[in-house]
Amino acid sequence: MMQVTIRYAMPIMFIIGSVIYGTMIIQLDAATLGNPDGPKFFPLFVCAGLLVFSIADLINVRKQIHAQNKDLELIAKLKSFKLIGIIIGICVLYTLIFEHVGYLIATILFMGALMFYLNGMKKWRLNVIVTVVVSVSTWYGFTELLQISLP
């Protein structure tokens, strides 16, 4: 029973803290230069993120505590370890080939491997489109727009 109380306490404390933090941010004095509310935007964004993630954590805690089937939890944990291991392996391969084939090709292979592993072969069009668009657009953004050379 004590663990249940502690597990509920953390997200509730963060929810209360984010509400107090947001209230304090709103009460800040207006800036004298530029946009009077400019200094409030980033802290309010952080506060809103903290509130949203705390509520999501509270919902997740509720689901975990009320889960009855421990066998399914064990299977999910084993699948999680397999998923993490494969993703780490793909990341290691990415770092090994990066210098040899360059940013664009290595990134296309890396993202393609991740997309196909996570989404499966049924969504191959989406996998290819997202992989190519994201890889080429980031390459173009850095090399052409920002004038930063990539390997």
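What pattern does the chain follow, read along the sequence? The pattern is α-α-α-α-α, with five helices and zero strands in the chain. Helices here are DSSP runs of H or I of at least four residues, strands are runs of E of at least two, and both are numbered from the N terminus. The model is predicted, so that local features need pLDDT of at least 70 and side-chain atom pairs count only at pLDDT 80 or more, while totals for chains, interfaces and linings use all residues. Residues are numbered from 1 along each chain as its sequence is written, and side-chain values use heavy atoms, with hydrogens and water left out.

The accessible surface of the chain comes to about 11500 Å², and 74% of it belongs to carbon and sulfur atoms. Accessible areas come from the Shrake-Rupley method with a 1.4 Å probe, and for residues only the protein chains shown count as cover. Of the 151 residues, 18% count as buried, where buried means under 20% relative accessible area, exposed over 50%, and partly exposed in between (1.4 Å probe, protein chains only). Among contacts with a separation of 6 or more, 52% join residues 24 or more positions apart; contact means heavy atoms within 4.5 Å.

Helix H2 (residues 38-65) has 28 residues, which should span 40 Å at 1.5 Å a residue, and its end C-alpha atoms, 42 Å apart, agree with this. The expected span is 1.5 Å times one less than the number of residues. Buried positions in H2 are Lys-40, Pro-43, Cys-47, Ser-54 and Val-61. Helix H4 (residues 103-119), with 17 residues, reaches 23 Å from its first C-alpha to its last, close to the expected 24 Å. Its buried residues are Tyr-103, Ala-106, Thr-107, Phe-110, Met-111, Gly-112, Leu-114 and Met-115. Just after H4, Gly-120 takes a positive phi of about 85°.

The largest nonpolar core has eight residues, namely Ile-90, Tyr-94, Phe-98, Tyr-103, Ala-106, Phe-110, Met-111 and Leu-114. H3 and H4 are the elements that give two or more residues to this core, and H4 supplies the largest share, five residues. A nonpolar core is a set of buried Ala, Val, Leu, Ile, Met, Phe, Trp, Tyr and Cys residues joined through side-chain atoms within 4.5 Å. Phe-98, in helix H3, is buried because its relative accessible area is 18%. The C-alpha atoms of Phe-98 and Phe-110 are separated by 9.5 Å, with the two residues twelve apart along the chain.

Leaving out residues up to four places away in sequence, Met-111 touches Val-130, Thr-131, Val-134 and Ser-135. Thr-131 belongs to helix H5 (residues 124-145) and counts as buried because its relative accessibility is 4%. With the sequence neighbours up to four places away again left out, Thr-131 touches Ile-108, Met-111, Gly-112 and Met-115.

Tyr-117 of helix H4 counts as partly exposed, at 31% relative accessibility. Beyond its neighbours within four places in sequence, Tyr-117 is in contact with Lys-82, Leu-83 and Ile-86. Tyr-117 and Ile-86 are 31 residues apart in sequence and 8.8 Å apart in space, C-alpha to C-alpha.
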